[in-house]
Amino acid sequence: MDDFSTYQGALDIFRKANWVSERENCIIGAIVDYSKSNEFTASMIGLGTLGMAGYLVGDVIGKERDLRISRLNEFLFVLFNFTETGVGIMPLQGGGLRINPENLSPCYDGFVYYYYQELSDISVKNYYRIRKSVKTITITLLNGNKLHFNVNMVEKALPYQNNGMVKFVGRYQK
């Protein structure tokens, strides 16, 4: 079983996906932000207009739109590896309310990577603009699609999180 509770373990996971750099690897754990997904928006609009039937129809339509944007929208947690050439995103499958290496395992079939030439923007902001311990990350692709994530500056189960986040925030915070 792959264990990403240590930096070396996380690096090994990205090594298996062939997304490791010899110079720079900035690995952080993140939560997919469903509040900005098409599935969430469509289901809430459907619920407000047509009740429970509208909620179910909106959920199906929204989920289909999200999957066209990225398969990452199927997962709740991901690991990032920002290198000098791009970003690799490893989805984590399993359950729980927090990033916990004991309950999560990498989904190699869902791994995606984007070279920086494929991205129009990476932005990091404070959560709701006031909470500095949690950051929102938005990755905008050249086609205009956006991927949204929430990241804690410190993750108890990931001792390397703080070092990676300090480096990442220093580069992309707006």
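What follows is a conversation about aromatic pairs, helices, salt bridges and strands in a predicted model.

Trainee: Let's start with the rings. How many aromatic pairs does a search of the whole structure find?

Mentor: The search finds 9 aromatic pairs. One of them joins phenylalanine 82 and phenylalanine 168.

Trainee: Why is the pair of phenylalanine 82 and phenylalanine 168 called tilted?

Mentor: The ring centres are 4.5 Å apart, and the cut-off for a pair is 6.5 Å. The planes stand at 35°, while stacked needs under 30 degrees and edge-to-face needs over 60.

Trainee: Which cluster do ring pairs build around Tyr113 and Tyr115?

Mentor: The cluster links Phe14, Trp19, Phe111, Tyr113 and Tyr115.

Trainee: On to H4. What makes its span close to the expected one?

Mentor: H4 has 12 residues, and its first and last C-alpha atoms are 16 Å apart. The expected span, at 1.5 Å a residue, is 16 Å.

Trainee: How do you know that the buried residues of H4 are on the same side?

Mentor: The buried residues are Gln161, Gly164, Met165, Phe168, Val169 and Tyr172. They cover an arc of only 125° around the axis, which puts them on the same side of H4. In general, an α-helix has 3.6 residues a turn, so residues three or four places apart point the same way. Asn163 and Gly170 are exposed on the other side of H4.

Trainee: What covers the buried residues of H4?

Mentor: The cover includes strand S1 (26–32), S2, strand S6 (119–127), strand S7 (131–141) and strand S8 (146–152). Helix H1 (residues 7–16) has buried residues too: Gly9, Ala10, Leu11, Ile13 and Phe14. Those of H1 are covered by elements including S1, S2, strand S3 (86–94) and strand S4 (104–106).

Trainee: Now the charged side chains. Why do aspartate 2 and lysine 16 count as a salt bridge?

Mentor: Their closest N and O atoms are 2.5 Å apart. The cut-off is 4 Å, so the pair qualifies. Aspartate 2 lies in the segment before H1 and lysine 16 in helix H1, so the pair ties together parts that are 14 residues apart in sequence. Lysine 16 is exposed, with a relative accessible area of 56%, against the limit of over 50%.

Trainee: How do you know that glutamate 84 and arginine 23 form a salt bridge?

Mentor: Their closest N and O atoms are 3.7 Å apart, which is within 4 Å. The pair ties together the loop between S2 and S3 and the loop between H1 and S1, parts that are 61 residues apart in sequence. Glutamate 84 is partly exposed at 31%, while arginine 23 is exposed at 70%.

Trainee: Why is glutamate 24 called buried?

Mentor: Its relative accessibility is 19%, and buried means under 20%, so glutamate 24 counts as buried. The side chain of glutamate 24 meets that of arginine 171 in a salt bridge (2.4 Å, N to O). This pair links the loop between H1 and S1 to helix H4, with the two residues 147 residues apart. Arginine 171 is partly exposed at 41%.

Trainee: Finally, what makes S1 largely enclosed by the rest of the structure?

Mentor: In S1, 6 of the 7 residues are buried, so S1 is largely enclosed. S1 pairs with S2 in the antiparallel sense over 6 bridges, and 2 bridges join S1 to S8, also antiparallel. Isoleucine 31 stands opposite phenylalanine 77 in S2 and has asparagine 150 as its bridge partner in S8.

How values were computed:
Residues are numbered from 1 along each chain as its sequence is written. This is a predicted model: local features need pLDDT of at least 70, side-chain atom pairs count only at pLDDT 80 or more; totals for chains, interfaces and linings use all residues. Side-chain values use heavy atoms; hydrogens and water are left out. Rings of Phe, Tyr and Trp (its six-membered ring) pair if their centres lie within 6.5 Å; planes under 30 degrees apart count as stacked, over 60 as edge-to-face and the rest as tilted. Helices (H or I, at least four residues) and strands (E, at least two) are DSSP runs, numbered from the N terminus. The expected span of a helix is 1.5 Å times one less than its number of residues. Buried means under 20% relative accessible area, exposed over 50%, partly exposed in between (1.4 Å probe, protein chains only). The arc is that of the directions from the helix axis to the C-beta atoms. Contact means heavy atoms within 4.5 Å. Two strands pair if DSSP finds at least two bridges between them.
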